[in-house]
Amino acid sequence: MAGTRTGDPRRGDSPDDADWIFASSDPRTLPTERLPSRSEFDRYAAPLLARREEPALPPGEGETADLSEIDAAALRAAGKPRRPRPAVGRGDEPDAATGVIPAVDGEDGDAAEAPRRSYARSGTTPNAEDDGRAQLSTITIPARFQDLGIFDALRDVLALICLLAALTTSFTLGALPVVDLVGRIALGIALVALVAVHLLRWIPATPNLRLVRAVRIIGLLPALLTAIGTIVADLVLSVPVLFASLPDGPPVGLGVGVSLLLLGSVVGIEPRAHEGYVPQQRARAWSRRLLGGVAGAAALALVVALVMIVGRVFTTGWQYSLNTFGSTVISVVLLGIVLGSALRPDLLGRDRSWFVFSTGAVGGLVVLALADNTVRLQFAAPASFATGYVYLPFLFAAFGLMISRSFVRSMPVSFRRADWLVYTVRAMEFSALLHAAAVLWHLLAAITGTAGITLGGPVLHLVDAAVCACFVAVSLFARKALLERPAALARATGVVASVVLVVVGFLDIIVNSIAIGAGAGLTTGGTALAVGVAAALMLTVPAPVRDEFGAPDLSRMFADFRAHGSGRESLLARVPDVTEERSRKKSFPGS
């Protein structure tokens, strides 16, 4: 729209040029991409000017009757007359600048109260009157609750749900009723504390914030100590039987209830912003130290698992050790991605996108763990240091620390529209890494399947290994297309790859559920199904970056995405700032 161009070969003297705003010879040409020439404007304005000189209605139909000679008393006695319709003149035409039609003054006020709308040339942008009316219809938060942030409220809801779910899921497996009893008592205290802190904060006119913070910490501390104590008890009682066969099960055993109790206490124990607590540098340093402690505990559990695996080769059999080693590899890969994205984001990428994506991925596992009693998920099955690698409590504890206020403030994340493509690439990389570990697991399971250690025969595991290898290939292909191919082709390729992951993953779930009774998991197509759905939504649902005319611009979006975190100048940075120029009022040609 730099200026008026005459002699455009796409716009000749064709009949559809009579109205240059709404007509175009080339359907691919936007009607508003250029200003009209003087001759085009004259052709368009001539009929309008002629129409203004003619009466708006046929003679006699739009004229106002002369009632000046009629007696007012006689008029009232005859009854209330119909109000004559005013003549439509030049003053009643729509305003040329706003397009608003003047309201007609009437006794009933219906016409005056009718909403007046004037929209831009695109027909989609409401004016100021509509915006004001929309603001009046929105829900306003009471003044006393304005300090309650949505982030703090969601974390309290998550803590409450996790604590309630821990009451209904398996806590331990061993014959130690005292552990279950202590766990339920701690859960009850934590639930009461979560309710009490909100009552103490919002009911009094002047709440005691120090008391609120103390009740939160003291009330949730028993739950946190109970979860940690249960994990330590399982470790201590498992050391004497690391190399022995366990026909009756582990001495304690950690159910999913322990992991949910740990997550709920970690999320709920941190004082909130509306309670007068603002994280400072010390709090942020403590959050990183605690996350480092979780990583150290997970590494210690890995060492114990490897010692147990080697010892069981001579006491229980190489088949059991081989199968346990395959499961350990998958758990280590998942924990490495999550903890690495939080502690060392430079190992996985220059930006913070891995942190956001891994947090969302673990959040999905938390949602599935909440339904563990119903769907019997394999990843949330009870575990013990005496039988395998314990990873779920450490994964959930890391998730609770990563979404804490202190840690989030130590790792600021900015979101842009092009970041949807970044997270799509992260989803494909996540799928490739985990499915590569699943290929190894299926190969080891095929070897041990001859001894009856794993469900399903060697043939089924070899087929599943080939399917997981296809998931790896499709994920890498989609990642390469998103990073290197032209924008339109890259987006189409990513959507097709997502559909392949969804369809093949769903079929793999059906086959494994019929053959061996296994549900949706990493080794049975569940992860491919989830990643495919997430990637397809991220590629299709969000609005792309738009150009200066408001049209979607995939090329610019992909160019900005490919420069994301690479240190190069973004394509959007090269676009000149035309805000001041667009705000200037320009006279229409010929006026």
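Guide: In this predicted model, Trp420, Leu421, Tyr423, Thr424, Ala427, Met428, Phe430, Ser431 and His435 of helix H16 meet Thr527, Ala528, Val531, Ala535, Met538 and Leu539 of helix H19, where contact means heavy atoms within 4.5 Å. Sorted by class, this contact of H16 with H19 comprises 11 nonpolar residues, four polar ones and no charged ones (Ala, Val, Leu, Ile, Met, Phe, Trp, Tyr, Cys and Pro count as nonpolar, Asp, Glu, Lys and Arg as charged, and the others as polar). H16 spans residues 419-448 and H19 residues 526-540, and the two pack at an angle of about 165° with their axes 9 Å apart. H16 and H19 are therefore roughly antiparallel to each other, a term for angles over 145 degrees. The crossing in which H16 passes H19 is left-handed, that is, the near helix is turned anticlockwise from the far one by less than a right angle.

With a relative accessible area of 4%, serine 353 is buried (under 20%, with a 1.4 Å probe).

The crossing of H5 and H6 is left-handed. On the H5 side, Asp156, Ala159, Leu160, Leu163, Leu164, Ala166 and Leu167 take part, meeting Arg184, Leu187, Ala190, Leu191, Leu194 and His198 in H6; by class, that contact has 10 nonpolar, one polar and two charged residues.

As for the protein as a whole, it has 21 helices and zero strands (DSSP runs of at least four residues for helices and at least two for strands), and 39% of its 591 residues count as buried. Of the contacts between residues at least 6 apart in sequence, 72% join residues at least 24 apart.

Residues are numbered from 1 along each chain as its sequence is written, and side-chain values use heavy atoms, without hydrogens or water. Local features need pLDDT of at least 70 and side-chain atom pairs count only at pLDDT 80 or more, whereas totals for chains, interfaces and linings use all residues.

Key: Buried means under 20% relative accessible area, exposed over 50%, partly exposed in between (1.4 Å probe, protein chains only). Axes are lines fitted to C-alpha atoms, for helices over the stretch in contact, and angles run from 0 to 180 degrees between N-to-C directions. Angles under 35 degrees count as roughly parallel, over 145 as roughly antiparallel, 65 to 115 as roughly perpendicular and the rest as oblique.
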